[in-house]
Amino acid sequence: MSLTNTIKQVTTIAIEELYHVTIAESAILVNATKPEFEGDYTVVLFAFVKQLKKSPDALGQELGNYLVSNNPSLFSSFNVIKGFLNLSVVDSYWISFLQSEYTNATYGIAPMNGEKVMIEYSSPNTNKPLHLGHLRNNFLGWSIAEILKANGYDVVKTCIVNDRGIHICKSMIAWQLFANGATPESTNQKGDHFVGDYYVKFNDEFKRQVEELVATKGMTKEGAEKKAPILLAAQQMLLDWENGNPEVIALWERMNTWVYAGFDATYKAIGSNFDRTYFESQTYLLGKDLVEEGLTKGVFYQKEDSSVWIDLTADGLDEKIVRRKDGTSVYITQDIGLAVNKYEQYHSNKSIYVVGDEQNYHFKVLKLICQKLGLPSADGIFHLSYGMVELPTGKMKSREGTVVDADDLVAEMINISKQKTEELGKVKDFTTDELSALYDTIGLGALKFYLLRVDPKKKMIFNPEESIEFQGFTGPFIQFIHARIKSILRKMSAEGFTINPITVTESLLPQEKAIIVELELFPTVINDAANEYDPSKIAIYIYNLAKTFSSFYSELSIANAESAEKKTLRLQLAQLTAHTLKTGMQLLGAGVPDRM
RNA sequence: GGUCUCGUAGUUCAAUGGAUAGAAUAGAAGUUUCCUAAACUUUAGAUCCAAGUUCGAUUCUUGGCGAGACCA
């Protein structure tokens with residue numbers, strides 16, 4: 001059990017014994033003591049002074065006395081300031097913690113709990129390459145999956161590919177018109193970028209045709225936008241696709257193949273993958289029978305024009321259409337169908353959707369409809385809503401060419417890490433392969449950390465003018481500390497020094513204790529990160545740990561410690577810190593090098 | 001028009017209703033015969049405005065201003 005929980009527990013016991021009042025452990029607030037005060041952990045007393053009819057000071061004194069005298073293996077002393085009871089934890093507690101964990105390479109990882117969770121993320125469109133927003137999505141999805149695994153869940157990662165619809169047809173039409181049979185191979189271009197370029201070409205031509213119609217036929221802009229021949233062709237193509245026209249299907253398959261090759265390269269570059277990929281072309285008809293079922297159950301109702309709706313006004317939402325008057329489904333219908341489909345296949349009680357916050361309303365509606373239909377999967381639906389990545393000037397807009405391309409950004413990060421590594425010149429003996437792996441680790445580490453260190457719920461600003469930092473609150477800083485520790489451990493091992501369990505006789509120095517206190521928090525942090533679906537908790541934690549260690553490292557010598565005992569103790573500390581930094585970075589989907 | 005989210009140092013981010021609002025970066029100053037200076041140390045700098053609830057509000061409530069998203 002974590003120390004704060006232990007403190008809560010002994011505090012409830014103390015209050016029970018002293019005052020015969022039962023207080024829930026969750027009602028007790030235990031914080032780390034602020035550095036300006038004496039002590040390690042603080043119990044905030046204000047919450048129950050009323051209930052216990054005691055002054056904060058008297059309560060603190062009585063409680064402090066009781067806790068210290070009844071838990072000698074936990075507390076050495078206490079002091080009370082205003083309503084805060086500051087407790088000092090005995091050195092032996094920290095030391096025994098360190099002795100039991102320092103060899104544990106998977107410290108913080110919980111055993112399997114037998115529960116299954118599905119997580120859907122990435123959701124690319126096949127008409128465009130991935131951009132910065134997709135990267136945040138992918139990194140979040142991956143990281144949450146890792147964090148849930150670390151909490152013992154069995155995680156199934158899925159991806160729904162939006163591979164049908166008018167946008168794909170736009171790329172297809174433009175390719176037919178302008179490509180002259182060009183392919184990604186013939187132009188030596190990545191497939192997703194190749195197809196994306198034709199999507200851009202479609203829009204250019206569309207704009208040109210609209211202007212032409214306005215100028216020559218005297219149409220209004222709105223009118224021309226509905227009559228532009230290239231748009232009509234795309235619309236016709238969508239109909240042909242839905243009717244299974246073999247030529248259209250063949251072209252669609254061919255262009256999708258190009259795009260998938262491009263996506264695969266990107267996913268490989270960023271170290272992402274899925275256990276199961278769904279294609280919208282195969283799922284878009286799902287959910288139709290559920291509409292009938294909903295009508296039978298009276299959950300849905302039909303209007304005079306025969307369109308089908310659900311009334312969610314009682315739940316504070318609007319009326320929502322689930323089937324158009326022409327009988328075609330809307331987006332949400334297939335989502336309901338897919339949810340059922342996934343549940344039948346995996347029987348997972350929890351299904352997480354990593355989707356941008358622009359779809360908050362959509363997912364509220366989705367969950368509500370599923371609940372009203374009485375679907376077993378309904379309560380487990382959780383929308384992990386994340387904020388958009390914006391530029392200092394606002395949203396990224398493809399029309400204005402301000403979209404930050406994922407491949408470009410990844411390549412740039414790797415290139416910067418190459419430059420910095422060469423400037424520093426510390427790994428000149430590395431082979432080409434080792435160097436290339438190192439650049440990837442550092443560049444991607446920097447990028448992933450940058451995108452995950454912010455609370456997912458909040459929108460974040462990315463300034464393309466300033467490159468992502470490699471100093472301070474960054475991935476490379478953590479990687480650097482890890483490499484330093486590894487360097488020390490390598491030297492010790494080369495000298496034949498082995499780290500054995502010890503009995504500590506000297507008292508802990510503040511710098512030593514600070515790290516142990518920080519390390520002890522790791523399992524709690526992993527738990528919090530999972531409960532709140534928030535990888536930034538991990539990022540902030542490992543940064544603080546690395547910083548605490550860095551400070552310790554610069555003030556105290558490890559290899560040349562004052563005594564053999566201190567040397568071993570500090571090596572144990574260093575080793576557990578390295579394990580923790582490595583695990584923490586893995587939870588963010590990032591690696592740590594042994595040298596850099 | 002309706003619903004929702006957000007507003008913290010110059011900038012990018014923290015802070016389950018708790019002590020003197022933390023970091024990073026940019027700024028100023030310093031540290032390398034000693035385990036990797038992608039580092040360390042010191043310094044200056046912020047809660048949009050106005051009420052309310054509370055022993056205590058960046059956090060909760062209401063109103064205003066500003067930014068964004070969604071639903072029509």
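How many bridges join strand β5 to strand β6? Here are some notes on that and a few other features of this predicted model.

1. To take the opening question: strand β5 (residues 116-120) and strand β6 (residues 154-161) run parallel and are joined by five bridges. K116 is one of the residues involved, with D154 as its bridge partner in β6.

2. Those two strands belong to an open sheet of five, ordered β7-β6-β5-β11-β12, with parallel pairing. The edges are β7 (276-279) and β12 (381-386); each has a single partner strand, so one side of each lacks a neighbour in the sheet. On average, neighbouring strands are turned by 25° against each other, direction ignored.

3. Have a look at helix α14 (residues 331-346) too, which lies across β5, β6, β7 and β11 (350-356). Its direction is at about 150° to β7.

4. Next, a helix pair. The axes of α17 (residues 432-452) and α18 (residues 475-494) come within 7 Å and cross at roughly 130°, which means that α17 is oblique to α18. T441, I442, G445, A446 and F449 of α17 make the contact with G475, P476, I478 and Q479 of α18. By class, this contact has five nonpolar and four polar residues, and no charged ones.

5. Finally, helix α20 (residues 522-531), where F522, V525, I526, A529 and A530 are buried. Viewed down the axis of α20, these buried residues fall within an arc of 135°, so they line one face of the helix. They pack against α5 (132-150), α19 (510-520), α21 (536-555) and α22 (564-587). After α20 comes Y533, with a positive phi near 50°.

How values were computed
Residues are numbered from 1 along each chain as its sequence is written. Chains are lettered from A and ligands numbered from 1 in the order in which they are written. This is a predicted model: local features need pLDDT of at least 70, side-chain atom pairs count only at pLDDT 80 or more; totals for chains, interfaces and linings use all residues. Side-chain values use heavy atoms; hydrogens and water are left out. Buried means under 20% relative accessible area, exposed over 50%, partly exposed in between (1.4 Å probe, protein chains only). Helices (H or I, at least four residues) and strands (E, at least two) are DSSP runs, numbered from the N terminus. The arc is that of the directions from the helix axis to the C-beta atoms. Contact means heavy atoms within 4.5 Å. Axes are lines fitted to C-alpha atoms, for helices over the stretch in contact, and angles run from 0 to 180 degrees between N-to-C directions. Angles under 35 degrees count as roughly parallel, over 145 as roughly antiparallel, 65 to 115 as roughly perpendicular and the rest as oblique. Ala, Val, Leu, Ile, Met, Phe, Trp, Tyr, Cys and Pro count as nonpolar, Asp, Glu, Lys and Arg as charged, and the others, Gly among them, as polar. Two strands pair if DSSP finds at least two bridges between them.
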